[in-house]
Amino acid sequence: MFKRYLFLSFSQLFFPFFLVLLFIASVVLLISIAAKTYVVKMGFLDLFALFSYSLPGSVFFIIPITFFASLVLGISRLAYDYELMVFFALGVKPTAILKAFLPIVLLATAILLVFSLVMVPLSTSASKNFIAQKRADIDVNLKAGELGQKLGDWLVYVDEAKNRQYKNLILYSQEQKDSESFIVAESGRTQNANGLFELLLEKGDAYFAHEKEIRKIHYQEMNVRQVVGEPQLSGYDLFHYWQEAFGGKSKSKERKFSQAILVSFFPLASIFFILVFGVANPRFKSNMSYFYVIGAVATYFIMVYVASENFPFLGILCIPTLWFVAGYVLYYKTIKRYY
């Protein structure tokens with residue numbers, strides 16, 4: 001009966017929180033994907049595949065936040081509905097709550113480790129390979145009358161666009177501070193062969209400025225080329241990927257590895273804070289659990305960021321340990337002594 005009350009209270013909060021945050025993250029991902037693929041045509045299935053590859057990275061951060069918040073708020077709701085006080089009056093100890101939640105806390109930690117060390121790197125690699133494949137088979141999506149469209153190093157404007165046929169094109173490129181190129185053309189078309197993108201221009205003028213010199217060229221045909229490159233579709237070696245995090249080979253991998261471990265251990269390191277923030281006597285205390293959850297999550301993740309940027313491996317050992325000890329000390333002083 002007691003465990004059923006605990007898990008029911010937890011599940012009633014966890015799934016709504018998770019779905020709301022997942023929806024928000026999905027909207028952000030879709031906006032990000034739209035920005036990345038602005039000049040590349042993709043079908044619905046392609047967008048869905050790219051969205052699926054990007055999702056594990058967001059889910060990895062959603063799970064620990066919603067899990068911790070749901071546990072604290074679930075216990076808090078039982079406390080302020082006087083149900084938890086009844087169980088304490090019947091002889092149930094706070095340690096019984098810890099024992100009841102410990103298996104799912106360990107399960108959440110294990111799931112987060114799988115996400116961070118396996119699924120996120122694999123999905124990131126798959127996403128990069130997918131985009132590389134699309135760039136190798138690029139189908140340029142130039143729109144008529146829109147500014148800011150980019151092809152490689154060139155900014156492009158067209159008056160009319162239909163089936164890769166364009167009219168009244170303007171191209172601008174600034175490869176260096178003292179070097180600029182400006183091209184106008186009456187018409188043009190695009191094609192892609194073996195990773196080599198070509199923009200075939202007809203009848204126009206080209207201007208090339210370098211330092212104090214400007215050259216003008218009148219042409220009948222011009223070919224602007226951009227090497228897209230072949231996609232890297234080789235197998236993914238997780239061991240080699242994380243091996244770069246050790247021995248100072250890659251600061252970026254050190255930071256990612258530190259964040260992966262620290263975020264994964266957040267539910268386990270916070271197990272005593274669940275009772276510290278959730279258990280209260282409703283006759284003497286107002287419900288501040290929402291503020292406690294926000295403060296705890298913000299504090300821990302700020303510590304994770306600072307540690308991963310400055311002392312990643314030392315942070316892996318120190319932060320979860322200090323957080324766990326701080327939680328136990330508060331639990332002993334505020335909960336265990338009175339219940």
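Q: What makes a set of residues a nonpolar core?
A: A nonpolar core is a set of buried Ala, Val, Leu, Ile, Met, Phe, Trp, Tyr and Cys residues joined through side-chain atoms within 4.5 Å. Buried means under 20% relative accessible area, exposed means over 50%, and partly exposed lies in between (1.4 Å probe, protein chains only). This is a predicted model: local features need pLDDT of at least 70, side-chain atom pairs count only at pLDDT 80 or more, and totals for chains, interfaces and linings use all residues. Residues are numbered from 1 along each chain as its sequence is written, and side-chain values use heavy atoms, without hydrogens and water.

Q: Which residues have the most contacts inside the largest nonpolar core?
A: They are Phe 68, Leu 84, Ile 97 and Phe 101, in a core of 58 residues. Helix α2 (residues 44-80) gives this core its largest share, 13 residues. Helices (H or I, at least four residues) and strands (E, at least two) are DSSP runs, numbered from the N terminus. A second, separate core has 17 residues, among them Leu 151, Phe 197, Ala 206 and Tyr 219.

Q: What does Leu 84 touch, beyond residues up to four places away in sequence?
A: Contact means heavy atoms within 4.5 Å. By that test Leu 84 touches Phe 2, Ile 75, Leu 78, Ala 79, Ile 97 and Val 279.

Q: How do you know whether α9 and α10 are roughly parallel or roughly antiparallel?
A: Take the axes, which are lines fitted to C-alpha atoms, for helices over the stretch in contact; angles run from 0 to 180 degrees between N-to-C directions. Under 35 degrees counts as roughly parallel, over 145 as roughly antiparallel, 65 to 115 as roughly perpendicular, and the rest as oblique. Helix α9 (residues 289-310) and helix α10 (residues 312-336) cross at roughly 155 degrees, their axes coming within 7 Å. The pair is therefore roughly antiparallel. On the α9 side the contact includes Ala 296, Tyr 300, Met 303 and Ala 307; on the α10 side it includes Gly 315, Ile 319 and Trp 323. The contact residues are 9 nonpolar, 4 polar and no charged. Here Ala, Val, Leu, Ile, Met, Phe, Trp, Tyr, Cys and Pro count as nonpolar, Asp, Glu, Lys and Arg as charged, and the others, Gly among them, as polar.

Q: Where do α2 and α8 meet?
A: Phe 68, Leu 71, Val 72, Ile 75, Ser 76 and Ala 79 in α2 meet Phe 273, Ile 274, Leu 275, Phe 277 and Gly 278 in α8. This contact has 9 nonpolar, 2 polar and no charged residues. The axes of α2 and helix α8 (residues 271-278) come within 8 Å and cross at roughly 35 degrees.

Q: Why is α8 called largely enclosed?
A: Because 8 of its 8 residues are buried. They run from Ile 271, Phe 272, Phe 273 and Ile 274 to Leu 275, Val 276, Phe 277 and Gly 278.

Q: Is Ser 181 buried or exposed?
A: Its relative accessible area is 10%, so Ser 181 is buried. Ser 181 is in strand β4 (residues 179-193). Its contacts include Trp 154, Leu 171, Tyr 207 and Phe 208.

Q: What makes the phi of Tyr 82 and of Lys 203 worth a look?
A: Most residues other than glycine have a negative phi. Tyr 82 has a positive one, near 70 degrees. Lys 203 has a positive one too, near 55 degrees. Tyr 82 is in the loop between α2 and α3 (83-89), and Lys 203 is in strand β5 (residues 196-210).

Q: Why does Tyr 82 count as partly exposed?
A: Its relative accessibility is 41%, so Tyr 82 is partly exposed. Lys 203, at 45%, is partly exposed as well.
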